[in-house]
Amino acid sequence: MDVVNDTPDPASIVGGLTHLRHDGGALTHLRQDGTAQMVDVSEKAVTTREATATATVHSTSEVLTLLGAGELPKGDALAVARVAGIMAAKKTPELIPLCHPLPISKVTVDFELGPDTVVVLATVKTRGVTGVEMEALTAASVAALSVYDMIKAVDKHAVISGIQVLAKSGGKSGDWAIPTSSGVPGGGESA
């Protein structure tokens, strides 16, 4: 039986560096022929792993006042966005093709309200063989999308930005966090 590979040659896409990470190691999501695969994590140690990600929704001060007071036309946007983020974390392997299904043990989604922004902070925790960065990013992204959906009736120009992992812990690669001097979101009113 012939294997059909209708994807473009990865080397032609990124200049021949597709099989190397920035640290010189191999990219484990690619097979030798450059096609994608789900990484084999069966030999990895089970550890407690946690990741926190963020996303920021930019709007007007008038909209943020309505949001903070729970007075948007669609109701309590933050309550809806919190549940949406939690649900999204649990659905990540269904949305991101190469993510492993993980036994998620905890998801928190919090909000920091600024004068014209809502910063979403999503933290996901598991005890497993691979990290939960993608679950945290998905939770933060979907929570931000939900906020956007709830405010679009009063602000058609709202923008989502700054989706990124802020910190991770556990696993072979150890703990990592963005240095606080790099402008990590914070300082707003928690909701």
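The following conversation concerns a predicted model and covers its nonpolar core, a pair of helices and one serine.

Q: How many residues does the largest nonpolar core have?
A: The largest nonpolar core has 33 residues. L67, F111 and V118 have the most contacts inside this core.

Q: Which elements give two or more residues to this core?
A: The helices are α2 (61–69), α3 (77–95) and α4 (133–151), and the strands are β1 (47–58), β2 (104–113) and β3 (117–128).

Q: And which one gives the largest share?
A: That is α4, with nine residues.

Q: How are α3 and α4 placed, then: at what angle do their axes cross?
A: The axes of α3 and α4 cross at roughly 140 degrees and come within 7 Å. The two helices are therefore oblique to each other, since an angle must be over 145 degrees to count as roughly antiparallel. The crossing of α3 past α4 is right-handed.

Q: Which residues meet there?
A: Among them are A81, A84 and A88 in α3, and A139, V142 and A143 in α4. By class, the contact of α3 with α4 has 14 nonpolar, four polar and one charged residues.

Q: A change of topic: where is S59?
A: S59 lies in the loop between β1 and α2.

Q: Is S59 buried or exposed?
A: S59 is buried, because its relative accessible area is 11% and the cut-off for buried is under 20%.

Q: What is S59 in contact with, leaving aside neighbours within four places in sequence?
A: S59 is in contact with L64, D116, I151 and D155. As for D116, its C-alpha is 5.3 Å from that of S59, although S59 and D116 are 57 residues apart in sequence.

Definitions and conventions
Residues are numbered from 1 along each chain as its sequence is written. This is a predicted model: local features need pLDDT of at least 70, side-chain atom pairs count only at pLDDT 80 or more; totals for chains, interfaces and linings use all residues. Side-chain values use heavy atoms; hydrogens and water are left out. A nonpolar core is a set of buried Ala, Val, Leu, Ile, Met, Phe, Trp, Tyr and Cys residues joined through side-chain atoms within 4.5 Å. Buried means under 20% relative accessible area, exposed over 50%, partly exposed in between (1.4 Å probe, protein chains only). Helices (H or I, at least four residues) and strands (E, at least two) are DSSP runs, numbered from the N terminus. Axes are lines fitted to C-alpha atoms, for helices over the stretch in contact, and angles run from 0 to 180 degrees between N-to-C directions. Angles under 35 degrees count as roughly parallel, over 145 as roughly antiparallel, 65 to 115 as roughly perpendicular and the rest as oblique. A crossing is left-handed if the near helix is turned anticlockwise from the far one by less than a right angle, and right-handed if clockwise. Contact means heavy atoms within 4.5 Å. Ala, Val, Leu, Ile, Met, Phe, Trp, Tyr, Cys and Pro count as nonpolar, Asp, Glu, Lys and Arg as charged, and the others, Gly among them, as polar.
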